[in-house]
Amino acid sequence: MIDLRSDTVTRPTPAMREAMASAEVGDDVYSEDPTINKLERDAAEVFGREAAIFVPTGTMGNQIAIRLHTQHGREVICEARSHVLDWEMAMMAAFSGCQARTVAAERGILTWGHIQPAIGAKIYYRAQTALISLENTHNMAGGTVTPLPVFEEIWAGAREAGLPVHLDGARVFNAATALGISVQKLTSGFDTVMFCLSKGLGAPVGSMLVGSKKAIEQARIHRKALGGGMRQAGILAAAGLIALHEMPKRLGDDHANARLLAAAVAAEPKVAEIDLEGVQTNIVIFTLREGGDAPAFVAGLKQRGVLASAISPKTVRFVTHYDVDRAMCEQAATIISEQLRAL
């Protein structure tokens, strides 16, 4: 099967498996796992931060960050289709006691012009804004990338407003690759950044949260409270080190393969609608036109050996990754074209 459901399905590379098998380990709750400690130091260095912490999932990393920056009864500004809102089990409310103040933006890219009007007025009977949470790349907008100048304006506005800014950077290495700049430069103004070692970087488990030393010390407490205190987790960190240092180099291949799939969809405009300019990284989202049935379309692809996701009654998503090479994507593009023409 050619699995285009998500880049979460990637399997560890042979080098990762070898590193995992020989990893030096200790008890990470006691801060005694040398491989975890190295991964955290290296992640902090790559992002130009004082400290980092390894967490099992991106959701945990994001929710720890929200807890760090907020108090109960406050609001978090986020984009209307953001991951922290739609895919993290209402933990913003359950764990941090906050509600989301959502703002819709074209292609999911929030600007300071979107954010400033959503900041709560400084009156005692109005819930106060505690945090701005951004996403880059934006998953449900199709992997779109927020450019650095947009972030710089937000960072400046947030500083003036006295508000912290967090980045859900699950696929931030994809964003940096698309823009041709380093992740350190692209994320320099955020108070905290979460990024995934899994997904496009190919590690089997794990994400990182980076920030100040003080923030990460507090994050370690919240991680333990959420059940994220692991023991000999260096086995996982060994794969994470390869993901961090080696796998970003090949993300351009995934982006090129996504463009190939997007072009196959765009070639059938009578039955499918796609924003080609919005296909900027490794995610392709398109909508079937009148009478289209996304679950049925995805079921038809599966019968022919291609796995995809129906993310709404008429919307389909493909995600390219390490485990689907160019030849597999070319084969998938042919099948996709044939299935669209059959509608």
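Q: Why is Ile-64 called buried?
A: Buried means under 20% relative accessible area, exposed over 50%, and partly exposed in between (1.4 Å probe, protein chains only). Ile-64 has a relative accessible area of 0%, and therefore counts as buried. The model is predicted: local features need pLDDT of at least 70, side-chain atom pairs count only at pLDDT 80 or more, and totals for chains, interfaces and linings use all residues. Residues are numbered from 1 along each chain as its sequence is written, and side-chain values use heavy atoms, with hydrogens and water left out.

Q: Where does Ile-64 lie, and with which residues is Ile-64 in contact, leaving aside its neighbours within four places in sequence?
A: Ile-64 belongs to helix α3, residues 58-69; helices (H or I, at least four residues) and strands (E, at least two) are DSSP runs, numbered from the N terminus. Contact means heavy atoms within 4.5 Å. Beyond the neighbours within four places in sequence, the contacts of Ile-64 are Val-55, Leu-209, Ala-219, His-222, Arg-223 and Leu-226. Between Ile-64 and Leu-209 there are 145 residues in sequence, and 8.6 Å in space from C-alpha to C-alpha.

Q: What makes Asp-7 buried, and what is Asp-7 in contact with?
A: The relative accessible area of Asp-7 is 0%, so Asp-7 is buried. Asp-7 is placed in the loop between β1 (2-3) and α1 (14-21). Apart from neighbours within four places in sequence, Asp-7 touches Arg-171, Lys-199, Gly-200, Asn-282, Val-319, Thr-320 and His-321.

Q: Why is Tyr-125 called exposed?
A: Tyr-125 has a relative accessible area of 63%, and is therefore exposed. Its place is in the loop between α6 (112-115) and β5.

Q: What makes the pair Asp-27 and Arg-231 a salt bridge?
A: A salt bridge is a side-chain nitrogen of Lys or Arg within 4 Å of a carboxyl oxygen of Asp or Glu. In the pair of Asp-27 and Arg-231, the closest N and O atoms are 3.2 Å apart. The bridge links distant parts of the chain, 204 residues apart: Asp-27 is in the loop between α1 and α2 (34-46), and Arg-231 in the loop between α10 and α11 (234-245). Asp-27, at 15% relative accessibility, counts as buried, whereas Arg-231, at 40%, counts as partly exposed.

Q: How many salt bridges does a search of the whole structure find, and what is the N to O distance for Arg-81 and Glu-79?
A: The search finds 18 salt bridges. One of them joins the side chains of Arg-81 and Glu-79 at 3.9 Å, N to O. Arg-81 is partly exposed at 33% relative accessibility, and Glu-79 is buried at 3%. Another pair is Asp-254 with Arg-250, whose closest N and O atoms are 2.5 Å apart. Asp-254 is buried with a relative accessible area of 0%, and Arg-250 also counts as buried, at 16% relative accessibility. Glu-75, Arg-101 and Arg-126 are linked in a network of salt bridges.

Q: How do you know that β3 and β5 pair?
A: Two strands pair if DSSP finds at least two bridges between them. Strand β3 (residues 75-79) and strand β5 (residues 129-135) have three bridges, in the parallel sense. Within β5, Leu-131 is the bridge partner of Val-76. These strands belong to an open sheet of seven, ordered β2-β8-β7-β6-β5-β3-β4, with mixed pairing.

Q: Why are β9 and β12 said to stand at the edges?
A: The open sheet of four strands has the order β9-β10-β13-β12, and its pairing is antiparallel. β9 (272-273) and β12 (309-310) each have a single partner strand, so one side of each is left without a neighbour in the sheet. β12 pairs with strand β13 (residues 315-319) over two bridges, in the antiparallel sense. Ser-309 has Arg-317 of β13 as its bridge partner.

Q: What makes His-255 buried?
A: His-255 has a relative accessible area of 9%, so His-255 is buried. His-255 lies in helix α12, residues 251-266. Its contacts, leaving aside neighbours within four places in sequence, include Asn-174, Thr-177 and Gln-280.
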